Amino acid sequence: MRLYSQIDAFLQPDHRVLDFGAGRGEHILDNQVPYRRQLFDLRGRCARIEGCDVDAAVLSNPFLNHAEVIEPESPLPYPDNTFDVVFSRFVFEHIKDPDLIAREMFRIVKPGGLIAALTPNKLGYIALAASVVPNRLHVRALKYIQPKRKSVDVFPTVYKLNTPRAVARAFGPNAEVYSVYTAGEPGYYFGNPFLYRTWKWLHKHLPDRLRPLLIFYIRKN
């Protein structure tokens, strides 16, 4: 909600927006909270919302005006300076070539435009636990940890763009990068109420640099 609240504060009715890694729109389709569904759905608050993803499921995303299937780690199919806002939700952890993707995202956003991304912090427990479990076992593990998580929404992780230093280096000197350490609602607690309360306590007391999530706000000078 923090990411989308900031995007909403920046958004103007004439803006063109790209959801990078939009998927099937599961964060809206599967959400049980009406306020969150309303906040996450940007239609009607900007001139146009587009989406792209390596998964063809993006073509069925009902919250986009237009969708494109892209090749992994390849140039994006948009002209220079196309979008006022480019945002991604849990995508940076999957990027294998951060320099290429950062360069492409920076190319397609307009001068003064905003790139916003929510991703696990490489030093947080989510990324550390995922790094211990091989990618080939992620789907099987998540069936126990997050029973409601659908396997179609699980992708390999590499964590090459998941620290403030890595993001600042990838986007280069012409970008203003603001990093926010944060923690969302616990999602990895096996359905156990005690573990849920434990994670809630940890989220409150962890030092910033160990919090599980990072939000990056990147302005193109």
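How many of the 11 residues of helix H4 are buried? I shall answer that question for this model, which is a predicted one.

Eight of them are buried, so H4 is largely enclosed by the rest of the structure. The buried residues of the helix are Pro-98, Leu-100, Ile-101, Ala-102, Glu-104, Met-105, Phe-106 and Ile-108. Their packing partners are the strands S1, S4 and S5, helix H7 (164-171), strand S6 (175-182) and strand S7 (213-220).

Strand S4, residues 83-89, is mostly covered, with six of its seven residues buried. S4 runs parallel to strand S1, residues 16-20, and three bridges join the two. In this pairing, Val-17 stands opposite Val-85 in S4. S4 also runs parallel to strand S5, residues 109-120, to which six bridges join it. Here Val-86 stands opposite Ile-115 in S5. To pass from S4 to S5, the chain goes through H4, residues 98-108, in a β-α-β crossover that is right-handed.

Finally, I would like to consider the surface. Met-1 lies in the segment before helix H1 (2-10). Is Met-1 buried, partly exposed or exposed? Its relative accessibility is 43%, and therefore Met-1 counts as partly exposed. Together with Val-33 and Tyr-35, Met-1 forms a nonpolar patch on the surface. The accessible area of these three residues together is about 280 Å².

To return to the opening question, H4 is largely enclosed, whereas Met-1 belongs to a patch on the surface.

Methods
Residues are numbered from 1 along each chain as its sequence is written. This is a predicted model: local features need pLDDT of at least 70, side-chain atom pairs count only at pLDDT 80 or more; totals for chains, interfaces and linings use all residues. Side-chain values use heavy atoms; hydrogens and water are left out. Patches are made of residues with over 30% relative accessible area and no salt bridge: like charges are joined within 9 Å, nonpolar side chains (Val, Leu, Ile, Met, Phe, Trp, Tyr) within 5 Å. Accessible areas come from the Shrake-Rupley method with a 1.4 Å probe; for residues, only the protein chains shown count as cover. A salt bridge is a side-chain nitrogen of Lys or Arg within 4 Å of a carboxyl oxygen of Asp or Glu. Helices (H or I, at least four residues) and strands (E, at least two) are DSSP runs, numbered from the N terminus. Buried means under 20% relative accessible area, exposed over 50%, partly exposed in between (1.4 Å probe, protein chains only). Two strands pair if DSSP finds at least two bridges between them. A crossover is right-handed if, with the strands pointing away from the viewer, the path from the first strand over the helix to the second runs clockwise. Contact means heavy atoms within 4.5 Å.
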